[in-house]
Amino acid sequence: MKLDRVFAHPPTFNTDRLRVRPIELTDAKALFEFMSDRKVTERYGQKPRTWEETQAWVRDRLADRSRRGSIYWVFTLRGDSVAIGSCCYWNFEPGFRTAEIGYELHRAHWGTGIMTEALPPIISYGFARLGLHRIEASPLAENRPSRRLLLKLGFKNEGRLRQRVFFRGRYLDQSYYGLLREDWPKPS
Ligand SMILES: CC(C)(COP(=O)(O)OP(=O)(O)OC[C@H]1O[C@@H](n2cnc3c(N)ncnc32)[C@H](O)[C@@H]1OP(=O)(O)O)[C@@H](O)C(=O)NCCC(=O)NCCS
């Protein structure tokens, strides 16, 4: 599949509970609900976003698609149109064989298996259609839910990046995870 087409028209996926679709400008209001939540953003070592920053961020993510910088999806509960979380590929290496996966979820839905459900179609798409060979993630070492999620999905822990993130006056470690195409179950 041609990369230009992939970036221009990312697909939509349905799971049991979710509709996972490409991000749109009109998602800013829903995204602001959790991107402005300190309890969410501190999990990845960032300040909460203001409304203006959230709007600019969504515009940037859409622009990213034309410069092959990232692909963002949001997901909604099926039958509803309000985004409760997002997931993405970003940090592509120049040959587009490796990318980083990112994700965040509204706090009201934490711990109900939503992200475990949202990410598999994105991962399958990354390997089967985007041509990735390896997917990476680097959560803060103290972000236990994110590390559990990655292990459940089959990612391997590949080590620790010591004191890599400076946040609220402290240097924090990141844990490094990788998933290879050969590690991922083939579609049945
Ligand atoms: C990380 C995050 C996406 C997990 O999403 P989720 O839908 O709550 O995760 P799931 O319910 O699918 O569960 C995944 C694993 O995390 C564990 N988990 C979820 N919430 C947890 C919590 N508050 N404390 C401890 N473990 C937790 C689950 O128990 C599960 O592991 P298990 O099956 O061994 O029990 C969500 O917590 C989040 O959005 N956090 C803030 C943003 C963030 O950290 N993004 C990632 C940056 S790297």
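Author: Two strands count as paired if DSSP finds at least two bridges between them. In this predicted model, eight strands form an open sheet by that test, with mixed pairing, in the order S1-S2-S3-S4-S5-S6-S8-S7.

Reader: What makes strand S1 and strand S7 edges of the sheet?

Author: Strand S1 (13-14) and strand S7 (156-167) each have a single partner strand, so one side of each is left without a neighbour in the sheet.

Reader: How do you know that S5 and S6 are paired?

Author: Three bridges join S5 to S6, and the definition asks for at least two. The two strands therefore pair, and they run parallel. Within this pairing, Glu100 stands opposite Glu136 in S6.

Reader: What direction do the strands joined to S8 take?

Author: S6 and strand S8 (residues 170-180) are joined by four bridges and run antiparallel. Ile135 has Leu179 in S8 as its bridge partner. S7 and S8 also run antiparallel, with eight bridges between them; here Phe166 has Tyr171 in S8 as its bridge partner. The hairpin of S7 and S8 has two residues between the strands, and in this hairpin Arg168 takes a positive phi near 45 degrees.

Reader: Why is the protein called as compact as a globular protein of its length?

Author: The protein has six helices and eight strands, which follow one another along the sequence in the pattern α-β-β-α-α-α-β-β-β-α-β-α-β-β. Its radius of gyration is 16 Å, close to the 16 Å that the globule rule gives for 188 residues, so the protein is as compact as a globular protein of that length. Along its principal axes, the C-alpha trace spans about 45 × 40 × 35 Å.

Reader: What makes one side of H4 the buried side?

Author: Thr54, Val58 and Arg61 are buried in H4. They cover an arc of only 60 degrees around the axis, which puts them on the same side of H4. An α-helix has 3.6 residues a turn, so residues three or four places apart point the same way. The buried residues of H4 pack against helix H2 (28-35) and S3. On the other side of H4, the exposed residues are Glu52, Arg59, Asp60, Ala63 and Ser66.

Reader: Which elements cover the buried residues of H5?

Author: Helix H5 (residues 114-128) has 15 residues and reaches 23 Å from its first C-alpha to its last, close to the 21 Å expected. Its buried residues are Ile114, Met115, Ala118, Leu119, Ile122, Ile123, Gly126 and Phe127. Their cover includes strand S3 (70-77), strand S4 (83-90), strand S5 (98-105) and helix H6 (144-152).

Reader: Which residues touch the most other members of the largest nonpolar core?

Author: That core has 38 residues, and those touching the most other members are Trp73, Phe75, Cys87, Ile101, Met115, Ala118 and Leu119. H5 gives the most to this core, with seven residues. Beyond its neighbours within four places in sequence, Phe75 is in contact with residues including Leu18, Val20, Ile84 and Ala118.

Reader: Why are Arg68 and Asn91 called partly exposed?

Author: Partly exposed residues fall between the exposed cut-off of 12 or fewer and the buried cut-off of 20 or more. Arg68 has 13 C-beta neighbours inside 10 Å, so it counts as partly exposed. Asn91 has 14 other C-beta atoms within 10 Å and is therefore partly exposed.

Reader: What phi values do Arg68 and Asn91 take?

Author: Most residues other than glycine have a negative phi. Arg68, in the loop between H4 and S3, has a positive phi of about 55 degrees although it is not a glycine. Asn91, in the loop between S4 and S5, has a positive phi near 55 degrees and is likewise a residue other than glycine.

Conventions
Residues numbered from 1 in each chain as written. Predicted model: local features only at pLDDT ≥ 70, side-chain atom pairs only at ≥ 80, totals over all residues. Expected span 1.5 Å × (residues − 1). Contact = placed C-beta atoms within 7 Å. Rg over C-alpha atoms; globule rule 2.2 N^0.38 Å. Core = buried A, V, L, I, M, F, W, Y, C linked by C-beta atoms within 7 Å. Arc of directions from axis to C-beta.
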